[in-house]
Amino acid sequence: ESVLIVVNNVPLPDLIMTSLSTTTTSISPGFGFLISNTAKNQGTLAASALVIAFHLSQDAAYGGSDDIAFTTTRSIASLAIGATSSASTSLTIPSNTPAGNYYICALTDSGSAVNEENETNNALCTASTIQVILSDLVMTSLNAPVSGTIGGPLVIANTVKNQGGNSAAFYVGFYLSADSTITTADKFLGTRYISSLVSGSSHTASTTITIPTSL
């Protein structure tokens, strides 16, 4: 004689994001901001270790083809029945992010490490977008001596301006050219390093380079 046993309501965790917000409204690639985020276990069993992942999204849907993933994640060691876990997580806009308006989206248990009652309710996006603004770097002045000595120093006064969004670190390159157009065929002389340049500001320096002996 066989007996059929039906088991209903097997206890399982059910992880959701209950809140996601930031006070940042505009930002440039390479810069960081804080995202406030809260995860909850609304299931009937405690959850083991899980990871929250974050995306930029143009359509307020986590995981679409338009998404850009952040490298930073947030780990939670465990989450009891009915418990929540809140944090302010620091995220950096990836350097290759195009200009535009983006929602910030989060997915709890992004690695699917926890067996849940409902695997389709783990994502949440911010109610409003942040604007990603690209920098726009231009050289506004450049002055050098009218002559120099082969193998000797050359002091170049130069100013670069950022007429776009905030810029992360970059280099200014110097060349010798037979005309007023820089190409890969021109003689590269050296660089100077600028760690950052905020929107609307300029950076001036006197850069010393050496005239190549191969000229």
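Which residues does R74 touch, not counting residues up to four places away in sequence? R74 touches N37, A39, L50, V51, I52, F54, S85, S86, A87 and T89, where contact means heavy atoms within 4.5 Å. This is a predicted model, in which local features need pLDDT of at least 70 and side-chain atom pairs count only at pLDDT 80 or more, while totals for chains, interfaces and linings use all residues. Residues are numbered from 1 along each chain as its sequence is written, and side-chain values use heavy atoms, with hydrogens and water left out.

**R74**
- R74 lies in strand β5, residues 68-76 (strands are DSSP runs of E, at least two residues, numbered from the N terminus).
- R74 is buried and has no salt bridge (buried means under 20% relative accessible area, with a 1.4 Å probe and protein chains only; a salt bridge is a side-chain nitrogen of Lys or Arg within 4 Å of a carboxyl oxygen of Asp or Glu).
- The nearest side chain of opposite charge to R74 is D109, 13 Å away (Lys and Arg count as positive, Asp and Glu as negative; His and the chain ends are not counted).

**I130**
- I130 belongs to strand β9, residues 130-132, and is buried, with a relative accessible area of 1%.
- The C-alpha atoms of I130 and I104 are separated by 7.9 Å, although these residues are 26 residues apart along the chain.
- Beyond four places in sequence, I130 touches residues including T22, F33, L56 and Y102.

**L176**
- L176 is located in strand β12, residues 170-176.

Notes: Helices (H or I, at least four residues) and strands (E, at least two) are DSSP runs, numbered from the N terminus. Buried means under 20% relative accessible area, exposed over 50%, partly exposed in between (1.4 Å probe, protein chains only).
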